[in-house]
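Q: Hi! I'm new to this one, could you walk me through it?
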Amino acid sequence: MRHRFFGWALFLSLTALVTLVFAHEMTGWIAPVEARKVKNPIKATQPSIQKGKEIYGKKCALCHGIKGDGNGPASVGLNPKPTSFKGPHGHGGQISDGEHFWKITTGRGGMPSFAKDLTEEERWYVVNYINTFSKHP
Ligand code: HEC
């Protein structure tokens, strides 16, 4: 009897583990619809991009890489990896400015929340800078 109980316990915990790992892989990080629709109030002018670049160099490059490819020195050991802004997560990808802004504000896992660390304006500057990593379609 004891034997069988342990068999089941093992089976159930394995199932739970596999489900958890799977659920983690499956959940892409998606901002709420309202957040995605928010328009960037700050035009991507040269001064705004320049300010964004300075902030990025100080607060983001460590993880996301100076070139925005997600390969910063602190990315080692992070899972999931810091996002590369070169691909679909860059300008012209499926990710809107509003969504980037929301993610920078909220944070998740390895990605810190910048709600307190950066003002709203600063967060938009950095969004404008991130957008320079990938070409406009
Ligand atoms: C300590 C490392 C770290 C720092 C510092 C950091 N990030 Fe991240 N960032 C991450 C990780 C890891 C993810 C992926 C999180 C996930 O998918 O759960 C991420 C995800 C993101 C995303 C979401 C991309 C997407 O579309 O899913 C954005 C936008 C972002 N970071 C911007 C920034 C900006 C801007 C800064 C600086 C102000 C910054 N990050 C600083 C680690 C970091």
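Here is a short chat about the ligand, the core and one of the helices.

Q: What kind of model is this?
A: This is a predicted model.

Q: Okay, how many residues surround the ligand, and which are the closest?
A: There are 23 residues around the ligand, and the closest are Cys60, Cys63, Thr83, Gly110 and Met111.

Q: And which helices each supply at least two residues of that shell around the ligand?
A: Those are helix 4, spanning 61–64, and helix 5, spanning 97–106.

Q: How do the shell residues divide into nonpolar, polar and charged?
A: The shell has 14 nonpolar residues, six polar ones and three charged ones.

Q: Switching topic: how many residues does the largest nonpolar core have?
A: That core has 13 residues, and Val126, Val127, Tyr129 and Ile130 have the most contacts inside it. Helix 5 and helix 6 (120–130) are the elements that give two or more residues to the core. Helix 6 gives the most, with six residues.

Q: You mentioned Val127. What does Val127 touch?
A: Leaving out residues up to four places away in sequence, Val127 touches Asn40, Asp97, His100 and Phe101.

Q: Back to helix 5, then. Which of its residues are buried?
A: The buried residues of helix 5 are Asp97, Glu99, His100, Phe101, Lys103 and Ile104.

Q: What covers them?
A: The cover over the buried residues of helix 5 includes helix 2 (33–37) and helix 6.

Q: Last one: which residue takes a positive phi just after helix 5?
A: That's Gly107, with a phi of about 75°.

Definitions and conventions: Residues numbered from 1 in each chain as written. Predicted model: local features only at pLDDT ≥ 70, side-chain atom pairs only at ≥ 80, totals over all residues. Near = placed C-beta within 6 Å. Helix = DSSP H or I, 4+ residues; strand = E, 2+ residues; numbered from the N terminus. Nonpolar A, V, L, I, M, F, W, Y, C, P; charged D, E, K, R; others polar. Core = buried A, V, L, I, M, F, W, Y, C linked by C-beta atoms within 7 Å. Buried ≥ 20, exposed ≤ 12 C-beta atoms within 10 Å, placed from the backbone. Contact = placed C-beta atoms within 7 Å.
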